Amino acid sequence: MIATPSKQIHQQSSQKTLKKGSYWITTFGCQMNKADSERMAGILEGMGYKQAEKELQADLVLYNTCTIRDNAEQKVYSYLGRQAQRKKERPDLKLIVAGCVAQQEGESLLRRVPELDLVMGPQHANRLEILLNKVDNGHQVVATEEINIIEDLTTARRDSKICAWVNVIYGCNERCTYCVVPSVRGQEQSRTPEAIKKEINYLATCGFKEITLLGQNIDAYGRDLPGITKEGRRENTFTDLLKYVHDVDGVERIRFATSHPRYFTNRLIETCAELPKLCEHFHIPFQSGSNQILKAMARGYTIEKYKKIIDYIRKLMPQASITADVIVAFPGETESQFRETLSIIKEIGFDQVNTAAYSPRPNTPAANWPNQIKESIKVERLRELNLLVERIAKDRNGRYQGKIEEILVEDINPKNNSQLMGRTRTNRLTFFPKEGKNGLGYKPGDLVSVKIENIRSFSLTGKPLDEFDR
Ligand code: SAH
Ligand code: SF4
Ligand code: F3S
């Protein structure tokens with residue numbers, strides 16, 4: 001921890017009851033960051049801050065940042081420039097950079113943006129109040145050292161009232177040669193099954209219906225926890241955790257993300273098929289269709305192993321939706337290796353794929369390799385890939401036509417308040433009219449059987465079953 005005296009000394013009491021002014025959080029990056037932001041917003045509200053209506057009016061601005069690719073990192077600098085300017089006129093403005101850019105850059109962020117009050121890595125999210133108290137005592141604070149993540153003692157301020165994220169494992173122990181995550185998120189740290197279940201029990205009493213368990217490689221859960229079963233199998237695997245948390249009354253659905261093919265066992269697939277609340281959507285990045293590229297990426301599986309996982313999922317859960325992440329133009333990727341990626345996408349038929357061109361990242365091996373791919377080829381490969389992904393996803397969408405899907409209502413459609421919106425078990429966004437023919441009104445939290453009538457790229461629309469003669 002570095003705590004240097006700052007130029008401005010803010011006199012504020014840390015009494016919780018004191019009104020602290022307004023806060024604004026902008027979140028970049030993945031679900032892990034979104035979950036951290038909800039917890040940090042909870043901490044700020046616990047301290048007496050209120051959510052600001054506009055970013056440029058807030059008394060405290062926090063950017064929770066992402067550095068997975070260069071463009072994600074650059075975005076935050078332009079946001080910061082604007083706030084640094086504002087701080088010249090409003091010296092009491094508190095400016096915070098949290099998340100993965102904060103961890104990567106640490107103290108050097110203070111040199112780049114001297115107006116910053118606090119730079120804090122993702123492992124410090126639950127310590128926001130302690131860190132802000134140091135800022136209030138007149139320090140500029142950098143918190144980026146590796147720590148054991150403490151359990152959050154406050155109540156997260158969750159964006160949804162129906163769906164909640166629950167962290168189960170922090171960090172990543174893989175060493176994919178392109179990826180910055182292990183260096184910014186640190187070693188794997190699994191929460192105990194008891195702490196996870198306690199949080200889910202609490203969420204159920206608050207009325208949450210859907211839980212998404214979160215981890216960078218969630219299927220690696222538990223490797224740092226003790227326990228071997230009588231049969232000699234490791235206890236506390238992710239499969240054990242799913243069974244352990246499944247039966248919480250009030251929770252209707254359980255999801256999880258992200259899965260790593262290296263740890264996705266048949267036992268996990270069988271358990272997902274057995275547990276009724278477990279939704280049939282699996283996000284399993286494969287990154288490349290070429291075994292040579294997978295090896296250069298140090299992914300630890302072959303494309304044949306990946307296909308076996310998908311085949312088994314589909315055998316046990318034929319309706320399952322499968323999504324993935326892919327990188328094109330990894331150093332040394334030849335045209336024919338790129339074609340292998342395209343053909344896997346056709347062969348598997350993904351419901352959606354997050355695509356990206358390779359971006360060299362600091363402190364990663366591949367960034368220093370001489371065989372980098374030219375920008376123009378990156379752009380061309382990404383364009384071709386995206387066209388294919390869109391076409392395949394559209395074909396896959398066709399299977400919903402005329403089907404009856406169970407929708408968990410999350411909210412009113414913000415663009416049309418006569419409609420409700422929710423998701424299928426396979427995670428498709430779905431809209432339908434609020435009032436059924438029999439005058440039944442539905443509301444957020446309800447599970448409704450909806451007959452799908454229209455299909456668009458990213459959503460479905462339909463009518464509740466009570467509109468038809470059942
Ligand atoms: N832990 C997950 C992925 C987390 S990072 C896994 O291993 O599957 C999210 C995605 O960002 C990755 O799946 C990858 O597709 C992409 N990504 C990571 N580093 C990247 C880089 N340097 N350039 C381009 N995309 C990258
Ligand atoms: Fe990055 Fe690989 Fe870890 Fe995923 S498994 S977060 S891609 S290092
Ligand atoms: Fe980005 Fe950090 Fe997530 S780099 S993708 S916010 S783990």
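Colleague: Where is Thr 258 found?

Modeller: This is a predicted model, and in it Thr 258 is found in the loop between strand S11, residues 253–257, and helix H9.

Colleague: What is the peptide bond from Ala 257 to Thr 258, cis or trans?

Modeller: That bond, from Ala 257 to Thr 258, is cis, with omega near -5 degrees. Most peptide bonds are trans, and most residues other than glycine have a negative phi.

Colleague: On the matter of phi, what is the value for Gln 287?

Modeller: Gln 287 is not a glycine, yet its phi is positive, at about 75 degrees.

Colleague: And where is the place of Gln 287?

Modeller: Gln 287 sits in the loop between strand S12 (281–283) and helix H10 (291–297).

Colleague: Let us turn to the helices. At what angle do H8 and H9 pack?

Modeller: Helix H8, residues 238–245, packs against helix H9, residues 266–274, at an angle of about 15 degrees, and their axes are 9 Å apart. That makes H8 roughly parallel to H9.

Colleague: Is the crossing of H8 and H9 left-handed or right-handed?

Modeller: H8 passes H9 in a left-handed crossing.

Colleague: Which residues meet there?

Modeller: From H8 come Phe 238, Thr 239, Asp 240, Leu 242 and Lys 243, and they meet Arg 267, Leu 268, Thr 271 and Cys 272 of H9. By class, this contact of H8 with H9 has 4 nonpolar, 2 polar and 3 charged residues.

Colleague: How do H7 and H8 pack?

Modeller: Helix H7 covers residues 193–205, and it packs with H8 at an angle of about 35 degrees, the axes being 10 Å apart. The contact involves Pro 193, Glu 194, Ile 196, Lys 197 and Ile 200 of H7, together with Leu 241, Tyr 244 and Val 245 of H8. It has 6 nonpolar residues, no polar ones and 2 charged ones.

Colleague: What is the handedness of the crossing where H7 passes H8?

Modeller: H7 passes H8 in a right-handed crossing.

Colleague: How far apart are the axes of H9 and H11?

Modeller: The axes of H9 and helix H11 (residues 303–316) are 10 Å apart, and the packing angle is about 25 degrees. H9 and H11 are therefore roughly parallel to each other. In this pair, H9 passes H11 in a right-handed crossing.

Colleague: Which residues of H9 meet H11?

Modeller: Asn 266, Ile 269, Glu 270 and Ala 273 of H9 do so, and their partners in H11 are Ile 309, Tyr 312, Ile 313 and Leu 316. The contact of H9 with H11 divides into 6 nonpolar, 1 polar and 1 charged.

Colleague: A change of topic: which residues surround ligand 2?

Modeller: Ligand 2 is surrounded by Cys 172, Glu 174, Cys 176, Tyr 178, Cys 179, Val 181, Pro 182, Gln 216, Asn 217, His 260 and Arg 299. This shell around ligand 2 has 6 nonpolar, 3 polar and 2 charged residues.

Colleague: And which residues are around ligand 3?

Modeller: Around ligand 3 are Cys 30, Asn 33, Cys 66, Thr 67, Ile 68, Cys 100, Arg 185 and Gln 216. The shell around ligand 3 comprises 4 nonpolar, 3 polar and 1 charged.

Colleague: Finally, what domains does the domain assignment give?

Modeller: The assignment gives domain 1 (5–143), domain 2 (160–279), domain 3 (315–400) and domain 4 (401–464).

Colleague: How many residues of domain 2 are in contact with domain 3?

Modeller: In domain 2, 8 residues are in contact with 11 residues of domain 3. The C-alpha centres of domain 2 and domain 3 lie 26 Å apart.

Notes
Residues are numbered from 1 along each chain as its sequence is written. Chains are lettered from A and ligands numbered from 1 in the order in which they are written. This is a predicted model: local features need pLDDT of at least 70, side-chain atom pairs count only at pLDDT 80 or more; totals for chains, interfaces and linings use all residues. Side-chain values use heavy atoms; hydrogens and water are left out. A residue is near a molecule or strand if one of its heavy atoms lies within 4 Å of it. Ala, Val, Leu, Ile, Met, Phe, Trp, Tyr, Cys and Pro count as nonpolar, Asp, Glu, Lys and Arg as charged, and the others, Gly among them, as polar. Axes are lines fitted to C-alpha atoms, for helices over the stretch in contact, and angles run from 0 to 180 degrees between N-to-C directions. Helices (H or I, at least four residues) and strands (E, at least two) are DSSP runs, numbered from the N terminus. Angles under 35 degrees count as roughly parallel, over 145 as roughly antiparallel, 65 to 115 as roughly perpendicular and the rest as oblique. A crossing is left-handed if the near helix is turned anticlockwise from the far one by less than a right angle, and right-handed if clockwise. Contact means heavy atoms within 4.5 Å. Domain bounds come from an automatic or database domain assignment.
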